[in-house]
Structures are given as structure tokens and as C-alpha cells.
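Dear colleague,

Please find the structure below, handed over for your reference. The notes that follow it set out what was found.

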Amino acid sequence: MSHGVECNGITRRRFLNFSLAAVGGVVALTPRWSAARDEKQGDSKPESSRSARQLTRWAFLSDTHIAGDPENNYRGSYPYRNLQKAFTQIASDLPEGLVVTGDIARLTGQMEDYENFQRLLVPLVGRRPIYLALGNHDNLVNFLDVFESPVGRRPAVKGKHIVTVDAGAVRFILLDSLFATNQTMGLLGKAQRTWLQQYLQTSDDKPVILFFHHSLRDEDGDLQDLPRLFDLIKPVTKVKAIVYGHSHEYEFSDFEGIHLINLPAVGYNFGNDQPIGWVEARLGREGGEFVLHAVGGNTDLDGRAKQLRWRS
Ligand SMILES: [Zn+2]
């Protein structure tokens, strides 16, 4: 990603004093001193010695499903309270940054959904970068309106929201699997897959973790062009893992050595056996460790760590 713009001005929709940078429409709230660097920031310093070898610690969240009404609830869960709890936990021991893999909004990506999300972010904003991807319950236009539509910014892929992050030992690529708001299925689409292929050809050999919203099964509501994505990334050995949400189930699996990490939902679960919460990730050149922080649902696995080694 090239030319980025750091926007510090107040726009009509912004009521918080964010330091906000966006790449291709995906919003990143990036303090300049953060170890993680939004790659489009042209003034980035060379990679520091600490970043190459050491682990970088991140908070991964998904399916926050924040509504305009903080009391909105589903299956006995209150997404607003759950996210508040998760952000409080994260703020008490700050990681390098946060990634949220979509379904930020409750159902149809309303402005007030995003405004509430933004309200909940207050303990973290300006302290750590926060990278947001879109899910099937998000709305691109409203999302950009709340988190600021960058003036004059040309997205990497038209109508899609892509962000690349140099996270020290690893690189993140947030893709956009939103097909249509409030339609369950997901699609990256040819243009985005072509962009990804070209990006992977030109980036260095740093381990890459892909993030997007949709789940990876073979149902109508899953990512519809998953076989094409797998064809694309299978031979690119620096792609080590995919982190995604959508199913509201916490699960680890793999495809040809590529780790598939299905994040639990923050908002609510679909089954009582599933945790509600977020995942703390320690990532390095060789692999990662993933620790569940359950804020509700099945809390039996709270604190449980899972170690993964990257394919070579
Ligand atoms: Zn979803």
C-alpha cells in the first residue's frame, strides 16, 4: 500500500478525538509511537531490532454486533456489555494493537451501531492501533461515515476495504469478505484476490496472517470463493494462517499447513457450548500462541492457550 493519509481533523461524524488512519477504507486508529505500523505511512522508520525476533502481542476480536441500543440483547447476551468488558480487559494490559474481523454492527450496519462501537473504544483510542474489517452485518458507507471517509483516498480495490499492517515479526492483511449488507454469504471477489496475489508477490518473506470475516466451511453462508483463495495461497508459504469469525465458534483447524483460526464472537454465541470473548495472540517468526479470554457463554476454556507452529 502506498500513500497514506493521517487524518487528525474533526469531521462532521466524529465526536471523539481520534488519531485515525485508514487504508483502502479499513480504519486504523494508529498512534505514531506504536510498534505496529500501518504500511502506508510513508514516514515509517526502518524495522526496529526488537520487532524482527520478538513476539508481538495482539488482541483479536470478532462479531461484536453492537447495536444503537446498548440494551440490545440476544440469547441472553448483551453485546454492548460484552465488548465493554473485553475492552476493559484489553486496556488493563495493552497489547500492540487490536484486530476486529467484522460484524461490528448488530444487523444492518446502522450509523448508531458504529457510534456506539466508537464510544466503547474510548479506553483504547490513541493508545493502540485498531484495525477493523467488515462482515455481512456491516455497511460500508455508514462505517466510513462514522470512522471517516478519507478524502482523496483511492482504495486498493474499488468498493473493498483492505489494510496491510507491518506488525513487527509478522504481517497482517485484512481482506473484505462483505458481499451485501445483511446477506449471510461472503465473497472476496476476483479483483481482491488478484490484488492479494500481486501484493504477496511483491512483499518480503515475513510471515503473513490473513484476516477477514467469513467462515471457511462449504455452506451457503460461508466464503463462496474459498477454493480459489486456497489455490492462491497454498503455494505461497509465507502465508501462515487465516483468522476469521462469522460462525461464533472458537475453533482451530488447518488446510495444507495453513492454520485456520475461527475467533469466538464477542456479542453472543449460537450454542451454549461456545465461549463469548476474544483471543490474545503472541506472534513470532516461527509460530504463535493464542489465549482465550471468555467474557461469557461457556467459560470453561477461559485462559486456555493454544500453540501453533507456522508451516515452512
Ligand atoms: Zn457474519
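I begin with a side-chain pair: Arg171 and Asp204 are joined through their side chains by a polar contact of 2.5 Å. A polar contact here is a pair of N or O atoms within 3.5 Å; within protein, one must be able to donate a hydrogen and the other to accept it, and residues adjacent in sequence count only if both atoms are side-chain atoms. Arg171 is placed in strand β9, residues 170-174. Its relative accessibility is 5%, so Arg171 counts as buried. Buried means under 20% relative accessible area, exposed means over 50%, and partly exposed lies in between, with a 1.4 Å probe and protein chains only.

Please note that this is a predicted model, in which local features need pLDDT of at least 70 and side-chain atom pairs count only at pLDDT 80 or more, while totals for chains, interfaces and linings use all residues. Residues are numbered from 1 along each chain as its sequence is written, and side-chain values use heavy atoms, with hydrogens and water left out.

The chain as a whole

The chain holds six helices and 16 strands. Both are DSSP runs numbered from the N terminus: helices are H or I with at least four residues, and strands are E with at least two. Of the 312 residues in the chain, 60% are buried. Among contacts in the chain with a separation of 6 or more, 69% come from residues 24 or more positions apart; contact means heavy atoms within 4.5 Å.

Helix α3 and its neighbours

Helix α3 is largely enclosed by the rest of the structure, because eight of its 10 residues are buried. The buried residues are Met111, Asp113, Tyr114, Glu115, Asn116, Phe117, Gln118 and Leu120. They pack against α2, β6 (97-101), β7 (130-133) and α4.

Two of these partners are helices, and I describe each in turn. The axes of α3 (residues 111-120) and α4 (residues 140-147) come within 9 Å and cross at roughly 40°, which makes α3 oblique to α4. Axes are lines fitted to C-alpha atoms, for helices over the stretch in contact, and angles run from 0 to 180 degrees between N-to-C directions. Angles under 35 degrees count as roughly parallel, over 145 as roughly antiparallel, 65 to 115 as roughly perpendicular, and the rest as oblique. On the α3 side, Met111, Tyr114, Glu115, Phe117 and Gln118 meet Asn142, Phe143, Asp145, Val146 and Phe147 of α4. The residues of this contact comprise six nonpolar, two polar and two charged. In that division, Ala, Val, Leu, Ile, Met, Phe, Trp, Tyr, Cys and Pro are nonpolar, Asp, Glu, Lys and Arg are charged, and the others, Gly among them, are polar.

The axes of α2 (residues 79-92) and α3 come within 10 Å and cross at roughly 30°; α2 and α3 are therefore roughly parallel to each other. From α2, Tyr80, Leu83, Gln84 and Phe87 take part in the contact, and from α3, Asn116, Phe117, Arg119 and Leu120. These residues divide into five nonpolar, two polar and one charged. α2 also passes α3 in a right-handed crossing.

Loop residues

Arg75 lies in the loop between β5 (56-61) and α2, and is partly exposed at a relative accessible area of 38%. Asn182 lies in the loop between β9 and α5 (190-202), and counts as partly exposed at 39% relative accessibility.

Leu178 is also in the loop between β9 and α5, but is buried, with a relative accessible area of 10%. Leu178 and Asp138 are 40 residues apart in sequence, yet their C-alpha atoms are 7.6 Å apart. Not counting residues up to four places away in sequence, Leu178 touches Leu134, Gly135, Asn136, Asp138, Leu140, Lys160 and Leu187.

Val236 is found in the loop between α6 (226-233) and β11 (239-244). Leaving aside neighbours within four places in sequence, Val236 contacts Leu200 and Arg311.

Yours sincerely

How values were computed. Left-handed = near helix turned anticlockwise from the far one by under 90°.
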